[in-house]
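Work through the following exercises with the sequence and the model at hand. Each task is followed by a solution in steps.

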Amino acid sequence: MSSPAELTQYLHEQIPMAAAMQLRVLVADGAVLHIAAPLAPNRNPHGTVFGGSLAALAIATGWTLLFDALAREAVVEASLVVQHVDSRFLAPATGRVTAVARLPEDWPQFLQTLRTRRRARLQLAIALSCDDRAVFTA
């Protein structure tokens, strides 16, 4: 089981962009993951969070949720690959952004398929907010 601090350290060491963005895991309970990103290292010329940073935060959140969930299930040989991302920019983010991802209802079926076939696909919904306002979805 990984703590938020351990997952943050892992991200910073293994994905240099996560360190540059100053991503920080806030909550990691196996089924839900929250990651925050501050404005300063992710800002654009308009003083809001750069759209690429929002997309990267969403992807990092989904990937980290699955990385942690698979580790908790002792599935360590799996390679996580992001195949497709659909996203919507909903509003400008003017401060710290928090991303939230939850394991979907079909997680048990995904896990069973992965264990038996060694390959499986899963869709995740990731929501990003700033000051309690939705700013991005993926």
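Buried means under 20% relative accessible area, exposed over 50%, and partly exposed in between (1.4 Å probe, protein chains only). The model is predicted: local features need pLDDT of at least 70, side-chain atom pairs count only at pLDDT 80 or more, and totals for chains, interfaces and linings use all residues. Residues are numbered from 1 along each chain as its sequence is written, and side-chain values use heavy atoms, with hydrogens and water left out.

**Exercise 1.** Classify valine 82 by its relative accessibility.

Solution. Step one: locate valine 82 in the loop between helix 3 (51-72) and strand 3 (88-89); helices (H or I, at least four residues) and strands (E, at least two) are DSSP runs, numbered from the N terminus. Step two: its relative accessibility is 44%, so valine 82 is partly exposed.

**Exercise 2.** Determine whether the span of helix 3 agrees with its 22 residues.

Solution. Step one: the expected span is 1.5 Å times one less than the number of residues. Step two: for helix 3 this should be 32 Å, and the end C-alpha atoms are 32 Å apart, which agrees. Alanine 74, with a positive phi near 60 degrees, follows helix 3.

**Exercise 3.** Describe the surroundings of threonine 61.

Solution. Step one: threonine 61 belongs to helix 3. Step two: with a relative accessible area of 0%, threonine 61 is buried. Step three: beyond neighbours within four places in sequence, its contacts (heavy atoms within 4.5 Å) are Leu33, Ile35, Ala99, Val100, Ala101 and Ile126.
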